[in-house]
Amino acid sequence: MNGLGIDQETTDKYSLRGRVFHRIREDILSGKYKINEELKEKAIATELGVSRTPVREALRQLELEGLVKIVPNKSAVVTGLSPKDMKDIYIIRSYLEGLCARLACENITESQIEALEEIQYLFDFHAKKKHYDQLVELDDRFHDVIYAASNSRMLNHVLVDFHHYVARLRKETLSSDERAISCSMEHNAILEAIKKRDGDKAEELGHQHILNTIHNITEKGIESLL
């Protein structure tokens with residue numbers, strides 16, 4: 001393990017700047033850093049065990065994503081994501097998830113179908129046991145397989161980023177019996193449509209799956225979940 005708390009496999013996967021960027025972004029999206037909080041290069045560099053240069057570069061990249069604002073003489077300030085930003089992400093994502101499911105019908109392999117079936121078996125098991133933390137991980141895996149099966153590198157990239165942006169909300173939305181069960185049913189329906197190579201149905205179900213999540217979030221009150 002290194003100063004970032006990341007194992008060697010992950011270290012090899014990203015450049016130093018990339019690792020620092022992903023760590024700071026995760027800390028912003030997880031709520032460790034609050035909106036309007038100042039991000040001090042020196043303090044972050046010390047915490048991560050790196051020089052200030054990769055921290056400065058990461059903050060500039062985060063400004064391009066709209067998560068921080070560079071302020072003269074103050075390093076950077078967290079802007080984060082507003083409730084409206086979150087809702088917009090889900091609305092956009094609903095259309096992209098539908099498209100992704102349609103493309104998966106055309107490109108998915110038998111091994112990927114088997115992977116989805118295994119994930120869903122585990123999802124159903126943990127939903128019944130109310131193991132909510134496992135559900136979030138399995139939900140990630142389910143969608144990741146479909147993203148890969150779409151065979152679209154650009155679509156995969158955008159959707160993976162969206163997943164990171166709404167990670168906290170997703171954890172909250174899956175922490176109830178009702179939503180966990182309905183999510184499992186929706187996943188199974190999407191999987192069946194993909195197995196039948198029914199692109200129209202898969203797209204419709206993929207789109208509706210995210211709309212149902214939006215409805216669940218709206219009912220709970222998005223501000224209370226952030």
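**Figure 1. A salt bridge joins R102 and D200.** The side chains of R102 and D200 pair in a salt bridge, with 2.4 Å from N to O. R102 sits in helix α5 (residues 83-107) and D200 in helix α11 (residues 199-220), so the pair ties together parts that are 98 residues apart in sequence. Helices here are DSSP runs of H or I with at least four residues, numbered from the N terminus. A salt bridge means a side-chain nitrogen of Lys or Arg within 4 Å of a carboxyl oxygen of Asp or Glu. Side chains of opposite charge can pair when their charged atoms come close. R102 is partly exposed, at 24% relative accessible area. D200 is exposed, at 53%. Buried means under 20% relative accessible area, exposed means over 50%, and partly exposed lies in between (1.4 Å probe, protein chains only). By the salt-bridge rule, the count comes to 16 salt bridges.

This is a predicted model: local features need pLDDT of at least 70, side-chain atom pairs count only at pLDDT 80 or more, and totals for chains, interfaces and linings use all residues. Residues are numbered from 1 along each chain as its sequence is written, and side-chain values use heavy atoms, leaving out hydrogens and water.

**Figure 2. R23 and D27 pair within helix α2.** The closest N and O atoms of this salt bridge are 3.4 Å apart. Both residues belong to helix α2 (residues 16-29). They are four residues apart, about one helical turn. R23 is partly exposed, with 22% relative accessibility. D27 is buried, at 9%.

Figure 3. E192 is partly exposed, with a relative accessible area of 36%. K195 is partly exposed too, at 33%. Elsewhere, salt bridges that share partners link R23, D27, K32 and E47 into one network.

**Figure 4. The second largest pocket has a volume of about 190 Å³.** Its lining counts 12 residues. I28, Y33, I35, L81 and R168 lie nearest its centre. By class, the lining has eight nonpolar, two polar and two charged residues. Nonpolar covers Ala, Val, Leu, Ile, Met, Phe, Trp, Tyr, Cys and Pro; charged covers Asp, Glu, Lys and Arg; the others, Gly among them, are polar. On a 1 Å grid over the protein atoms alone, a pocket is an open set of points where a 1.4 Å probe fits, with protein on both sides within 12 Å along at least five of seven lines; lining residues have an atom within 4 Å of a point. Points are joined across faces, edges and corners, and the volume is the space filled by probe spheres set on them.

**Figure 5. N151 and R197 each have a positive phi.** Most residues other than glycine have a negative phi. Phi of N151 is near 60°. N151 lies in the loop between α7 (132-149) and α8 (153-165). N151 is exposed, at 61% relative accessible area. Phi of R197 is also near 60°. R197 is in the loop between α10 and α11. R197 is partly exposed, at 37%.

**Figure 6. The pLDDT averages 86 over the protein.** This score is the predictor's confidence in each residue, from 0 to 100. Of the residues, 89% score at least 70. Over residues 5-13 the pLDDT is below 50. Beyond near neighbours in sequence, that stretch has seven contacts in the model. A contact means heavy atoms within 4.5 Å.

Notes
Helices (H or I, at least four residues) and strands (E, at least two) are DSSP runs, numbered from the N terminus.
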